[in-house]
Amino acid sequence: MAVSRRDFLKSTAAATAAASIGVNLLPGMSNQVFADSMQWHKSVCRYCGVGCGVMIGEKNGNIVSVKGDSENTINKGHLCVKAFYLHKAVHAQTRLHHAMIKKDGEFKKVSVEEALEFTAKKFNEIRKKHGGNALAFYGSGQAETEETYMANKLFKGCIGTNNVEGNPRLCMASAVGGYLTSLGADEPAGTYEDIEQTEMFLLIGSNTAEAHPIIFERIMSHKNKNPNVKIVIIDPRKTPTDQVADLHLFPKPGFDLPIFNAIAHVLIKEGYADKDFVEKHAFIKDNKGNAVTFEDYKTFLEDYTPDKAAKISGTPANDIIKAARMFGKSKTAMSMWTMGLNQRQRGVWANNLVTNLHLLTGKIGVPGSDSFSLTGQPNACGGVREGGGLCHLLPGHHLVAKEPHRKLAAKIWDVPYENIQPKPGKHTVAMFSALNEGQIKGIYIMCTNPAQSLPNASKYWKGLNDQFVVVAESFFPTMTTKYADVVLPAAFWTEKEGVYGCTERRSQYMPKVKDAQGDAQWDAYLLRDLGKKMGFEKEFTKYETAQDMWDEYRLFTKGTDMDLTGATYDRLKNLRGLTWPIPDENHPGTYKRYTKNDPVFDNLPAEKRAGRRMYFYGPAASEGKASIWMRPHEEPAEPTDAEFSYAMTTGRILEHWHTLTMTGTSPELVRAAPKPYAEINPADARKLGVANRDMVELESRRGKMTFEARVIDRPAPGTVFVPWHWEEKPINVLCNDAFDPGSKEPEYKVAAIKVRKA
Ligand SMILES: Nc1nc2c(c(=O)[nH]1)N[C@H]1C(S)=C(S)[C@@H](COP(=O)(O)OP(=O)(O)OC[C@H]3O[C@@H](n4cnc5c(=O)[nH]c(N)nc54)[C@H](O)[C@@H]3O)O[C@H]1N2
Ligand SMILES: Nc1nc2c(c(=O)[nH]1)N[C@H]1C(S)=C(S)[C@@H](COP(=O)(O)OP(=O)(O)OC[C@H]3O[C@@H](n4cnc5c(=O)[nH]c(N)nc54)[C@H](O)[C@@H]3O)O[C@H]1N2
Ligand code: SF4
Ligand SMILES: [Mo]
């Protein structure tokens, strides 16, 4: 068989190996060499929201290697350590190869067909007896857009329930709420391109070095080349991100809101506000949303002097002033934040207060300036925020509450209009509470492990235990599969094609490069076939390929602020992604929204744009204006007190991903971070009489657990940090499930605890 030149070029590994021993391979020279050679396939990293491009090294249907894609603009060939070991997860012993149904407390192996039929029967029984709202879907920011799309159609369009949620509620909901209320539409105005053009970074509640390593690398290399670039961190904990910091503000967990107001106070007082920009581009709003004057805002901020903010937050006033001056003096500034800001009872307010600083100084809509939320999961933006995988949304930034949006969905999905409920379904915490209380009687869980990841976790095990639970998983066992009545084996990354959309509004295509293992099937097909078996044959027969789903999904986005019309599979297969809006197939994608060269902005009537450099055209903005919000200080739901005197915060470490089902399969990563621990400041350790590696007992109002103490100058005194990755110490049992009244995102970042030597 002749080998085409393309195949020849693709077999880089063989070519390189041959070159190194001086053999000059020519097309057709040796079939054997090609049969054994590795093929590289362009794809996207499975892990975080940075969205790095990877090359998957595949040999005879096995994934043998992963390397960075040097042509990808995000990471230019670089990868972080988790990604390098992704191939081990693909071939892990713990991969789930077959379906199972629990009978008399024991899992019995069955065919996928039988498992789906059983599920369809049970779901239909529940639906008939208790109505569609007794069913629910709980998905993931790690699922592909096509997968979430199928779930949305099945549950919202066919079954007729808006009980469709996903783990981005635990993660990005406050950022969504922040963008909607501040800028009028979800997702950032800028892209990663701003990193290399900025004079200042404000990193808030983001351990960028460990959680978004490639972004951190870009920040670091920009700073190395431009030592005058300033980096300010606001975080109750020192992290490896501090390597590059000029200044670090340490608020008590949950007490940083006044710092942002105090920064605004200083910016105005010292003449850094851009009043002209504010006048043309923003409303100033009181906490209820009424428009007020700039003078009112100034008066409000009088109450937030650096001294007062210092008293509340525990951060020295001088540091707050220094941070404000750096922000004011820099011609451009980029704020980046993650869970330290979002996972809070006032996560939306916190987001508003950060974006305020940009609106107040006009540091937005120009290269190097943006209020830029970092996304956690690889497709939280693409699949769930854009794809509409939450209980109030429909695909393409549409809302269940809006009649024209429901009509559009009914038309595209070819389902009766009345099927789509106008009332939002239950948000995540409410969904799992309803499972506890028996209002929800059947749930389909896909690509997430809520038994471990929910806050106050043990409270929600009851509902998982009592109700009919279906879990689609690629690995087994997990904490959630324990509670499953049916387990469906899901094809994993590399075994399915689809699209991931990352932080910077970029949609990227991932190819299928090998067959799924055992009986495993693509999640989107499992959902489609479940739909057919539930009686929605007509509604689901048309989806034969991933492209069928993607093409239909794009119809939802046509003419919206997140237009994906130009993002065809054909283009995505060849390009390293496209950033929306992309209104047609010749459009190159949009770097900055709301300003010149954004196609939506450029198409506005001239009178709207007149005299303005930005127009906030999002559906939640009026008159094209953004909003500066007067948000007061509010304490976290559970401040420390005399009895529970330490603030516990939880988060991540470099080597591991969430519940360890994937990174736990790589001996290299496990060796680097083998077991659970709690970080305690040396001053606290002395007080408690605890030495490094002693066992300590942590007790919150919800439970207690012992951990090995890591005595280290990372958390500020009074704060204890616990990484939440390990199933054997499910720290989430201790976390608070209080949530933001606006975004419904839980306050993982603050719980009051007692600490004692065990
Ligand atoms: N290695 C690795 N990377 C990941 C992930 C992973 O599991 N492992 N997960 C991905 C996902 S889904 C997400 S959401 C992101 C999360 O990324 P990050 O949010 O950066 O990570 P976390 O460790 O959860 O929390 C970040 C910081 O918030 C700080 N913090 C706590 N309370 C407060 C507060 O009150 N105010 C302020 N200002 N800061 C506070 C903590 O001290 C911590 O350093 O990471 C993504 N990347
Ligand atoms: N204490 C504490 N808890 C937290 C947080 C915190 O900061 N502190 N952060 C919260 C945040 S930000 C997030 S995003 C959540 C994440 O919480 P989870 O989503 O529950 O955590 P993961 O371990 O990522 O779960 C993904 C699951 O999907 C499975 N899987 C992988 N690939 C596939 C696939 O292709 N198909 C299917 N069907 N399954 C697959 C994996 O094996 C794994 O079990 O946790 C939240 N929980
Ligand atoms: S930074 Fe995120 S996307 Fe990039 S290689 Fe690491 S885990 Fe993957
Ligand atoms: Mo997340």
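Colleague: How does the lining of the second largest cavity divide by class?
Modeller: That lining has 10 nonpolar, two polar and one charged residues. Ala, Val, Leu, Ile, Met, Phe, Trp, Tyr, Cys and Pro count as nonpolar; Asp, Glu, Lys and Arg count as charged; the others, Gly among them, count as polar. This is a predicted model: local features need pLDDT of at least 70, side-chain atom pairs count only at pLDDT 80 or more, and totals for chains, interfaces and linings use all residues. Residues are numbered from 1 along each chain as its sequence is written, chains are lettered from A and ligands numbered from 1 in the order in which they are written, and side-chain values use heavy atoms, with hydrogens and water left out.

Colleague: What volume does the second largest cavity have?
Modeller: About 90 Å³. The lining counts 13 residues, and Cys45, Cys48, Val50, Cys52 and Cys80 are the closest to the centre. Helix H4 (81-84) and helix H10 (213-225) are the elements that give two or more residues to this lining. Helices (H or I, at least four residues) and strands (E, at least two) are DSSP runs, numbered from the N terminus.

Colleague: What counts as a cavity for you?
Modeller: On a 1 Å grid over the protein atoms alone, a cavity is a set of points where a 1.4 Å probe fits but cannot get out. A pocket is an open set with protein on both sides within 12 Å along at least five of seven lines, and lining residues have an atom within 4 Å of a point. Grid points are joined across faces, edges and corners, and a volume is the space filled by probe spheres set on the points.

Colleague: Which domains give residues to the lining of the second largest cavity?
Modeller: Domain 1 (5-90) and domain 3 (185-274 + 300-373) both do, so the cavity lies between them. Domain bounds come from an automatic or database domain assignment.

Colleague: How many cavities of 30 Å³ or more are there?
Modeller: Five.

Colleague: Switching to the ligands. Which residues come nearest to ligand 1?
Modeller: Ala211, Asp235, Gly254, Arg652 and His656, out of 34 residues around ligand 1. Near means that a heavy atom of the residue lies within 4 Å. By class, the shell has 11 nonpolar, 15 polar and eight charged residues.

Colleague: Which polar side-chain atom lies by an oxygen atom of ligand 1?
Modeller: One from Lys749, at 2.9 Å. Asp235 has a side-chain N or O atom 2.6 Å from an oxygen atom of ligand 1. A backbone N or O atom of Glu210 is 3.2 Å from a nitrogen atom of the ligand. A polar contact is a pair of N or O atoms within 3.5 Å; within protein, one must be able to donate a hydrogen and the other to accept it, and residues adjacent in sequence count only if both atoms are side-chain atoms.

Colleague: How much of the accessible area of ligand 1 does the protein cover?
Modeller: 100% of the 910 Å² that ligand 1 has on its own. Accessible areas come from the Shrake-Rupley method with a 1.4 Å probe; for residues, only the protein chains shown count as cover.

Colleague: Where does ligand 1 lie relative to the domains?
Modeller: Domain 3 and domain 4 (646-757) both give residues to the shell, so ligand 1 lies between them.

Colleague: And ligand 2, which domains give residues to that shell?
Modeller: Domain 2 (99-171 + 379-543) and domain 4, so ligand 2 lies between those. Asn167, Ser453, Glu473, Lys496 and Thr659 come nearest, of 34 residues around ligand 2.

Colleague: Which side chain has an N or O atom 2.7 Å from an oxygen atom of ligand 2?
Modeller: Asn167. Ser453 also has a polar side-chain atom 2.7 Å from an oxygen atom of ligand 2. For Thr661 the distance is 2.8 Å, again to an oxygen atom of the ligand. Alone, ligand 2 exposes 920 Å², and the protein buries 99% of that.

Colleague: What about the largest pocket, how much space lies in it?
Modeller: About 650 Å³. The pocket is lined by 33 residues, with Leu180, His392, Leu393, His397 and Leu399 nearest its centre. Helix H8 gives the largest share, four residues. Domain 2 and domain 4 both contribute to the lining, so the pocket lies between them.
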